[in-house]
Amino acid sequence: MVEPETNRARAEPAPVVVAHALGSYPVLVAPGLLGQLEALVAEHLGASRVVLIADAAVYGLLQAGRLGRAPWTGSALTFPPGEASKTRERWAGLTDLLLAQGYGRDSGIVALGGGVAGDLAGFVAATYMRGIPCIQVPTSLLAMLDASVGGKTGVDTPEGKNLIGAFHPPVAVLADPRALATLPERDFRGGMAEAVKHGLIADAEYFGWMEREAKALLRRDEAALTHLVRRSVELKAEVVSGDEREGGRRAILNAGHTVAHALEQVSAYAIPHGEAVALGLVAECALAEALGVAPSGLGTRVAGLLGRLGLPVRLAAPLDERALVRAMAADKKNRGARVRFAFVRALGSMDPADGWTREAPEVAVRQALGTIAPTPTA
Ligand SMILES: NC(=O)c1ccc[n+]([C@@H]2O[C@H](COP(=O)([O-])OP(=O)(O)OC[C@H]3O[C@@H](n4cnc5c(N)ncnc54)[C@H](O)[C@@H]3O)[C@@H](O)[C@H]2O)c1
Ligand SMILES: [Zn+2]
């Protein structure tokens, strides 16, 4: 059969489309996208002045040709890498520079880097002149398969993470799995914890694929990473498209995160987010099993995959159990004082319960935390 002329000769996978209240945006996932960054930005941003706002370390890699062949020749502002840059002060500094340089309403922003760049530059875009368009160019695994999709932007305050922010869906997301080659190993593995979560909550087949492909994923095989990012983006897109502002089913994305946030807080952020999510998934699966919500053996299977992906399934050092329970009780998902969890009821399927979360008695929570306690030394 002769292909219609409108079909491109190159077989480019169709973008994943994320719907939101005011429209939709494409997420392009393909190796080599960063090599055509300027052309893709021109195609999708439609702004008369464009500024790249980037994590300085990632920007350095881009300009050195390590993320794609072509360096960025347009205007750029950078900030020091790391969570410490996600502040109102940094947001003010960036917006002041844009004002001083005369950027107007017809401008657009390209956010380049990990989740910090996406949240910070996204928040600049959300607020500058009451909102200008933004393209997300995630370069960490976490940002590609989680943070860049869903439209949440914001900064941290001394009171806690992400407390000041806005919903500002991007006009497009460009995810180039080839950029992951330079990502530090710990960040890379941490991102995989979120992918395991996606399989666990929404797609048993995807979970099984990760089990089979764990080795290829760990050696960062390009085809395996492309499938990983794409499938995770599809799953997250499907969840957030139906529930943009987290009134209902979006809560399932919190699987593992009630415990994870407590581990991060009580360890004073010594445990990185991805590792906390791995531990949180194990503990929350054990809890779901103990409450009879999930079939027995689920937690062991989840821990098996996480372990194969080089993620921790037990704490390296003990944490105060009472402090963990207190931290969970302060979680924003709770109604009243009881701790609520988004529970898995079977591999790839979440418990709809009462608004996709349910309460758990403290004694069961403490027992479940025992499953991630450090291995007793003989
Ligand atoms: N908006 C959302 O929906 C959402 C969801 C999840 C997480 N987040 C946010 O994302 C942030 C965490 O994201 P993160 O883990 O990407 O952190 P990050 O942005 O700090 O990136 C992690 C590290 O990797 C480096 N890096 C990134 N890409 C690289 C590459 N290709 N090569 C080499 N180094 C690279 C960065 O310089 C940084 O040191 C948190 O602030 C979190 O709150 C937001
Ligand atoms: Zn997370």
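**Methionine 192.** I started by listing what methionine 192 touches, skipping its neighbours within four places in sequence: the contacts are Leu141, Leu217, Leu309 and Leu311. For me, "in contact" means that the C-beta atoms of two residues, placed from the backbone, lie within 7 Å. Methionine 192 sits in helix 6, residues 185–202. Helices (H or I, at least four residues) and strands (E, at least two) are DSSP runs, numbered from the N terminus. I counted 28 C-beta neighbours inside 10 Å for methionine 192, so it goes down as buried. The cut-offs: buried is 20 or more other C-beta atoms within 10 Å of a residue's own, exposed is 12 or fewer, and partly exposed is in between, with C-beta atoms placed from the backbone. I also checked leucine 217: it is 25 residues from methionine 192 in sequence, and their C-alpha atoms are 8.9 Å apart in space.

**Ground rules.** I'm working on a predicted model, where local features need pLDDT of at least 70, side-chain atom pairs count only at pLDDT 80 or more, and totals for chains, interfaces and linings use all residues. Residues are numbered from 1 along each chain as its sequence is written, while chains are lettered from A and ligands numbered from 1 in the order in which they are written.

**Leucine 183.** Next I went to the loop between strand 9 and helix 6, where leucine 183 lies. Is leucine 183 buried or exposed? It is buried, because 22 other C-beta atoms are within 10 Å. Not counting residues up to four places away in sequence, leucine 183 touches Ser140, Leu141 and Phe188. Leucine 141 is 42 residues away from leucine 183 in sequence, yet the C-alpha to C-alpha distance is 8.2 Å.

**Two domains.** I looked up the domain assignment: domain 1 is 16–182 and domain 2 is 185–370. These bounds come from an automatic or database domain assignment. Their C-alpha centres lie 26 Å apart. Across the boundary, 23 residues of domain 1 are in contact with 24 residues of domain 2. On the domain 1 side, the elements giving two or more residues are strand 1 (16–20), strand 2 (23–29) and helix 5. Helix 5 gives the largest share, five residues. I sorted that side by class and got 18 nonpolar, three polar and two charged residues. For the classes, Ala, Val, Leu, Ile, Met, Phe, Trp, Tyr, Cys and Pro are nonpolar, Asp, Glu, Lys and Arg are charged, and the others, Gly among them, are polar.

**The core.** Which residues have the most contacts inside the largest nonpolar core? They are Val282 and Leu306, in a core of 124 residues. A nonpolar core is a set of buried Ala, Val, Leu, Ile, Met, Phe, Trp, Tyr and Cys residues joined through C-beta atoms within 7 Å. Helix 10 (residues 273–290) supplies the largest share of this core, 11 residues. Domain 1 and domain 2 both give residues to it, so the core lies between them. Leaving aside neighbours within four places in sequence, valine 282 has contacts that include Gly299, Val302, Ala303 and Leu306.

**Helix 1.** I then listed the buried residues of helix 1 (residues 37–45): Leu37, Val41, His44 and Leu45. They cover an arc of only 85° around the axis, which puts them on the same side of helix 1. That arc is taken from the directions from the helix axis to the C-beta atoms. The face turned away from the buried side carries exposed Ala39 and Glu43. Among what covers the buried residues are strand 3 (49–55) and strand 5 (107–113).

**Ligand 1.** I counted 29 residues around ligand 1, and the closest are Pro81, Gly114, Gly115, Val116 and Ser140. To be near, a residue needs its C-beta atom, placed from the backbone, within 6 Å of the molecule. By class, this shell has 12 nonpolar, nine polar and eight charged residues.

Last, I noted asparagine 162 in strand 8, which has a positive phi of about 55° although it is not a glycine. Arginine 220 is another non-glycine with a positive phi, about 60°. Most residues other than glycine have a negative phi.
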